[in-house]
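Subject: Structure handover and findings

Hello,

Here is the structure we talked about handing over. My notes on it follow below.

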Amino acid sequence: MMRRCALVLAIILLVSPLVLHSQIPGYGTEIDRRVDELISRMTLEEKIGQLQQYTYGVSPELQQMARTGAIGSFLNVRGAAQTNALQKLAVENSRLGIPILFGLDVIHGYKTIFPIPLAEAASWDPDLAEQAAAVAAREARAAGIHWTFAPMVDIARDARWGRIAEGAGEDPFLGSRMAVARVRGFQGGNLAAPDRVAACLKHYVGYGAAEGGRDYNTTEISEQTLRNIYLPPFRAGVKAGAATLMSAFNDLNGVPASANPFTLDHILRGEWGFDGFVVSDWNSIGELIPHGVAADCAEAALKSLTAGVEMDMESRCFNQSLSRLIEEGILPLGTLDEAVRRVLRIKYLLGLFEKPYTDPKLEKEVMLARPHLELARLMARESMVLLKNDGNLLPLARKGITVAVIGPLIDSRADLLGTWRCEGDPAQVVSILQGIRTALGDGAAILTAHGCDVTGTKGESIPSAVAAAQKADVVIAVVGEDASMSGEAASRARFGLPGMQEELLRALKGTNKPIVAVLLAGRPLEIPWAADNIPAILMAWHGGTQAGAAIADVLFGDYSPSGRLPVSWPRSAGQLPLYYNFKNTGRPTTDQKFTSRYLDIASTPQFPFGYGLSYTRFEYANLQLDRKEIGPGGQLKVTVEVRNTGEKPGDEVVQLYIRDLVGSITRPVRELKGFQRIHLEPGQARTVHFSLGSDELGFFNARNEYVVEPGEFHLWVGPNSAEGVQGKFTVR
Ligand code: GLC
């Protein structure tokens, strides 16, 4: 036992403290010299002004605030004309001419809208996600936006929570890779570039663990789970140089995230060395009062600012209280100055003092540029997950068949943009019906029917849909959620097909025609009947401006589906929270009574994390480890051969999982620690390489120290979290 403790201690020293120094592009001492010089000339009111963020609506009061330097940032201003006009008031009229920072929710595109972030995560293609974020940045900056409130990196294990749509799913490893990709895409290597914006990691932290999946609800998260599951994507984003974070609404273990010194200061600054700034979520400072930790605005402002929130989005508590708090000696001036320093630092790094205005000509040039639309179509293609394809019903033939396209969303455009559609224009969206018509060409025999509404409870149109199906050779049923049913304040206690849509599917099934169900949603849906009875099911999420074209590409075989689930797909809301990296318990699930199980449904997901089918088949063989044993801090090389044994080309997402069999605390039965997306032609094989070291094998233990503990590990390399070729190794 002594040897083991000594070894663990040795490893603790090796790998901690995990102090990071944030890598904000361009930051250095010259910036701070300029900032400190400016602060030395600022009045108290001008300093407090820099910490205000208000939403913009044309108003003389807000324009006067811009003119007098009483506002540091506006959100929800859009377009070169409006941003330039407001900027001019600040730069050319206020005493010090400090430029305004314009922020906006550019969550998955500005004008060219990409698939919702959960769909982008389903591509398991961080490089493509980075390119998509770069396009969003290019369009947003040209429109005068300097700062996006993205990426949202909240881990989500509960499909009832509508904001699962906005993140990268349930896994910290995939979530971290997508966070880094999107920070890099938004920011690039130079925040002052005319096609980049500052990123904002949100919502810091634990927001996705809302009890009951009910938005804004309480979260109780142990420090180990916080450090092992919820913090990693934020830490990765900070390490990648994210300029800002947004503090969350939720009460985190009794201390609301927007006034939580442990997360905002001890971890974010103390451990990670973050030197950007934190903006509160909308009025989350004012909400400290209903949370019951502040009696009034002054107390809320004091708690939040001293905890580590530098900018107040829309509560106006900073504006109402900071001056008096300083004058009464309650808030140290140094704390205020440090907050102002952090905000001005980002404004300098964004080049706003040198170039405060955007070029209206550029705005016209970049919006919806052809390369942007092509990238949006590619991401939509890669994001789709083929859940079922019995009898290889897909891909469909293009010629000689009559197709019935049925469902309430077949010609919707706005819904394909999904939640947080920013400046996305439905008129620019390719609907699914339009995509199918284009793919099949003129003269194609296409019958259409809505069959029912998205949420309506009337089924009087179902018979006409059935009649259309009876005349067709194949039915494409487009069903699911509209855009308003996911995102913020959109939790669903029951998340099956809304309205009469399942009744529509059942009626169509009654025609005995082959049916392909195309699901549109911002979350996995409870579809146990469809999963058993519909032969082909394609999860298309809300796929953005080019969704209809991309869906047709997959349906008719121009693209072999390659998306993989970034979340475990529940059979029932009763299973939630549901995630693949669960603990084994003392009574692991079996079909025996006295084990961890349900009487009425299987405990496994409908479809596992990492799952997705293709139009071809892949085989895994020849798993090799370069050694059976590694020391602390050692590296293990893993290789596997993957072959395309089908008749069509396809992309495979090769996934590597580990299991630490015995630890000082209980360890997950699986943990994703590597993935690679590869393309293989029919018959082609590729050797895929992974490496495992302390970054992958370690975890935060009961004392919240990052450790790699000795012992036996199992590993799997395969197509999802439930399958794979298995190996094992030992850490000495
Ligand atoms: C909202 C959201 C946040 C968003 C902000 C500004 O309430 O929680 O994600 O960035 O307000 O719109």
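Leu 368 counts as buried at 19% relative accessibility, where buried means under 20% relative accessible area, exposed over 50% and partly exposed in between, with a 1.4 Å probe and protein chains only. This residue has a positive phi of about 55° although it is not a glycine. Leu 368 sits in the loop between α16 (360-366) and α17 (370-383); helices (H or I, at least four residues) and strands (E, at least two) are DSSP runs, numbered from the N terminus.

Some conventions before the rest. This is a predicted model, in which local features need pLDDT of at least 70 and side-chain atom pairs count only at pLDDT 80 or more, while totals for chains, interfaces and linings use all residues. Residues are numbered from 1 along each chain as its sequence is written, and side-chain values use heavy atoms, with hydrogens and water left out.

Backbone geometry

Most residues other than glycine have a negative phi, and most peptide bonds are trans. Arg 316 lies in the loop between β10 (312-313) and α14 and, at 25% relative accessibility, counts as partly exposed.

Two cis peptide bonds are worth checking in your own viewer. One joins Ala 150 and Pro 151, with omega about 5°; Pro 151 lies in the loop between β4 (147-148) and α8. Another joins Tyr 204 and Val 205, with omega about 0°. Val 205 belongs to the loop between β5 (200-204) and α9.

Ligand site

There are 13 residues around the ligand, and Asp 105, Arg 163, Lys 202, His 203 and Asp 281 come nearest. A residue is near a molecule or strand if one of its heavy atoms lies within 4 Å of it. The shell divides into 7 nonpolar, 1 polar and 5 charged residues.

For His 203, a side-chain N or O atom is 2.6 Å from an oxygen atom of the ligand. A polar side-chain atom of Lys 202 is 2.8 Å from a ligand oxygen, and one of Glu 488 is 3.1 Å from a ligand oxygen. On its own the ligand has 310 Å² of accessible area, of which the protein covers 94%; accessible areas come from the Shrake-Rupley method with a 1.4 Å probe, and for residues only the protein chains shown count as cover.

Cysteines

The count comes to 1 disulfide, a disulfide being a pair of cysteine sulfur atoms within 2.5 Å. Cys 297 and Cys 317 form it, with their sulfur atoms 2.0 Å apart. The link is left-handed, with -70° about the S-S bond. It joins distant parts of the chain, Cys 297 in helix α13 (residues 297-307) and Cys 317 in helix α14 (residues 317-327), 20 residues apart. Both Cys 297 and Cys 317 are buried.

Cys 200 is in no disulfide, and the nearest cysteine sulfur, that of Cys 422, is 14 Å away. From the side of Cys 422, the closest cysteine sulfur is in Cys 200, too far for a bond. Cys 200 is buried at 0% relative accessible area, and Cys 422 is buried at 16%.

Two further residues

Asn 84 is in helix α5 (residues 80-93) and is buried, with a relative accessible area of 15%. A polar atom of the Asn 84 side chain lies 3.0 Å from the backbone oxygen of Thr 358. Not counting residues up to four places away in sequence, Asn 84 touches Tyr 357, Thr 358 and Pro 360, where contact means heavy atoms within 4.5 Å.

Ala 489 lies in the loop between β14 (474-480) and α21 (501-509) and is exposed, with a relative accessible area of 56%. Leaving aside neighbours within four places in sequence, Ala 489 is in contact with Asp 215 and Tyr 216.

Regards

Note on methods. A polar contact is a pair of N or O atoms within 3.5 Å; within protein, one must be able to donate a hydrogen and the other to accept it, and residues adjacent in sequence count only if both atoms are side-chain atoms. Ala, Val, Leu, Ile, Met, Phe, Trp, Tyr, Cys and Pro count as nonpolar, Asp, Glu, Lys and Arg as charged, and the others, Gly among them, as polar.
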